[in-house]
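Morning, everyone. I have one structure to walk through today. Have a look at it first.

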Amino acid sequence: MANLLNLLISGLATGAIYALVAIGFTLLWQTSQTINFAQGEFVMMPAFFILAALHAGVPFWLSIIFGVLISLLLLGLVFKKALVDPMLKHGVLPIAIATMALSIGMKESVKEFFTAEAEPFPSLIPAGNVNIFGVEVSLQSIGVLVLAIVAVTALNLLLNRTSVGHQMQAAAQNPTVARIIGVPVERMILYTFLINAGLVALASVLITPIYLAKFSSGEVLGLAAFIAAIVGGFNQVRGAIVGGLLLGVIDNLGAAYISTQYRGAIPLFLLIVVILFRPQGLLGRAEERTV
Amino acid sequence: MSDTILEIENAVGGYGKMTILNGTSFAVRQGAITTVIGPNGAGKSTVFKAIFGLLKLREGRILFAGRDVTGWSQRQLIEAGMCYVPQGRNIFPELSVRHNIELGAVAAGRSITDMPARIERALDRFPALRAKATRQASTLSGGEQKQLEIVRGLLLDPKLVLIDEPSIGLSPLLVQETFAILKELRAKGVTVLMIEQNARSALEISDYGIVLELGQTRMVDTAARILADPRIGQLFLGGALEPAS
């Protein structure tokens with residue numbers, strides 16, 4: 001029982017990070033039909049921005065602020081202006097291919113110009129355990145979960161309780177009409193790119209202390225977030241949350257109770273089942289799209 | 001003409017290489033309801049898009065309230081007092097009805113301070129919308145959605161309302177209700193420029209009519225005279241006005 005609770009909490013913690021990354025996926029898709037195959041690398045990069053600052057002797061907290069700002073700039077603004085905007089005119093597929101190229105470019109750049117080795121990364125959250133109902137649970141997992149919940153709650157408040165949030169939703173749901181009533185659609189799309197950059201930077205800070213900073217660490221994470229988004233429903237923020245958490249928990253429980261060897265296969269199995277029986281995802285709505 | 005609020009001068013434009021507007025020109029009188037009629041492909045919706053800056057004209061200009069507004073952004077046009085209600089469903093299905101309406105004030109930014117009161121007044125006028133204010137807009141019926149679009153468009157007190165096919169998909173009763181709203185607007189001094197497939201009913205509540213054909217203005221006259229013109233009857237009103245009938 002104690003083991004199960006531990007597995008659940010660490011599963012939820014991993015799942016919460018998947019959810020952060022998956023939410024970014026769905027936001028980009030909803031507002032600009034961008035499928036970002038470099039999303040995993042978007043999580044890998046901020047850690048290296050921060051490490052670069054740390055190696056230059058900048059204090060930890062300042063390095064994090066620096067890393068987040070650089071992420072907003074490069075993974076948000078520059079990504080949109082330099083890659084998505086010019087490619088979007090040509091359709092969804094060219095963007096998908098361009099982001100795949102970007103993902104390779106990012107990995108190889110880190111390997112070439114930084115390091116090919118796994119680098120340790122300091123944690124925001126102190127090590128140790130807390131006692132919950134008589135069970136020792138890692139403070140790391142609790143901390144990750146709490147920070148992710150805070151971020152998602154803040155995002156939800158922004159999207160649902162503020163005028164800017166409503167405008168962002170309007171721009172995603174019906175851009176033509178949004179423009180007609182005076183919503184600055186382009187700016188709203190930029191905001192979603194900045195939010196995505198913020199989410200991946202947070203995910204990076206939370207996950208890198210656990211899995212170390214390595215040029216290839218985005219591969220697994222990007223795939224997990226992609227699966228989470230599809231399982232939950234690609235066009236719903238809450239779908240991404242549910243998909244992420246579900247995947248994290250199933251991943252952890254599966255590894256413990258079924259087989260560690262098939263750990264990588266279990267999410268794919270889940271993906272196949274969902275695509276077969278509910279292709280729009282658990283919480284998604286079917287989209288009509290002419291191909 | 002001092003009582004002209006909108007003037008289209010020799011508009012030429014279209015989509016890609018296809019020219020739809022072929023020198024369209026007409027003027028719209030302030031405080032009146034004017035209906036644009038014409039066969040499919042005459043350029044009715046296209047001229048509305050051109051007026052609202054959604055279609056770049058190759059030639060010609062648009063004058064609104066004495067100013068040349070050719071090439072203005074939607075936001076600028078809204079601020080100048082124009083409002084456009086396009087054909088079909090123009091709601092944000094997953095936002096609540098109230099939030100949909102509130103978005104109508106976006107273009108004004110913070111310059112309007114009595115927005116909550118305005119929204120309350122609008123909801124008072126349309127009890128069906130008030131009853132569903134917190135529900136997703138996708139739960140509204142077709143007629144209620146049109147009402148929502150009109151309410152949203154009126155939030156900033158526009159001088160000119162461009163409304164494209166307001167009756168499409170509505171029951172006859174709802175068409176009458178929608179037309180009643182347009183008449184209310186006219187009573188308040190708002191100018192309405194409307195496109196209607198349902199040309200006869202639309203002209204009956206209109207002051208003026210404009211007949212477009214192949215992207216050119218064929219006729220601009222009072223609605224009564226257009227309704228009485230046998231040629232128009234045959235061409236655009238389904239032959240209902242032929243002398244024999």
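This is a predicted model: local features need pLDDT of at least 70, side-chain atom pairs count only at pLDDT 80 or more; totals for chains, interfaces and linings use all residues.

Let's start where the chains meet. Chain A puts 12 residues into the contact, and chain B puts in 17 residues. On the chain A side, α6 (163–173) and α7 (175–180) each supply at least two residues. The most comes from α6(A), with five residues.

Now the core. The largest nonpolar core has 153 residues. Which of them touch the most other members? Those are Ala19(A), Val21(A), Ala228(A) and Leu162(B). In soluble globular proteins, nonpolar side chains tend to be buried together.

Take Ala228(A). Set aside its neighbours within four places in sequence. Ala228(A) then contacts Tyr18(A), Ala19(A) and Ala22(A), and also Ala240(A), Gly243(A), Gly244(A) and Leu247(A).

Last item, a helix pair in chain A. Find α2, residues 39–55, and α4, residues 92–113. Their axes come within 9 Å and cross at roughly 30°. Angles under 35 degrees count as roughly parallel. So α2(A) and α4(A) are roughly parallel to each other. What is the hand of the crossing? It is left-handed, as α2(A) passes α4(A).

Which residues meet there? From α2(A), we have Gly40(A), Glu41(A), Met45(A) and Phe48(A). From α4(A), we have Ser103(A), Met106(A), Lys107(A) and Val110(A). By class, this helix contact has four nonpolar, two polar and two charged residues.

That's my list. Over to you.

Key: Residues are numbered from 1 along each chain as its sequence is written. Chains are lettered from A and ligands numbered from 1 in the order in which they are written. Two residues are in contact if their C-beta atoms, placed from the backbone, lie within 7 Å. Helices (H or I, at least four residues) and strands (E, at least two) are DSSP runs, numbered from the N terminus. A nonpolar core is a set of buried Ala, Val, Leu, Ile, Met, Phe, Trp, Tyr and Cys residues joined through C-beta atoms within 7 Å. A residue is buried if 20 or more other C-beta atoms lie within 10 Å of its own, exposed if 12 or fewer, and partly exposed in between; C-beta atoms are placed from the backbone. Axes are lines fitted to C-alpha atoms, for helices over the stretch in contact, and angles run from 0 to 180 degrees between N-to-C directions. Angles under 35 degrees count as roughly parallel, over 145 as roughly antiparallel, 65 to 115 as roughly perpendicular and the rest as oblique. A crossing is left-handed if the near helix is turned anticlockwise from the far one by less than a right angle, and right-handed if clockwise. Ala, Val, Leu, Ile, Met, Phe, Trp, Tyr, Cys and Pro count as nonpolar, Asp, Glu, Lys and Arg as charged, and the others, Gly among them, as polar.
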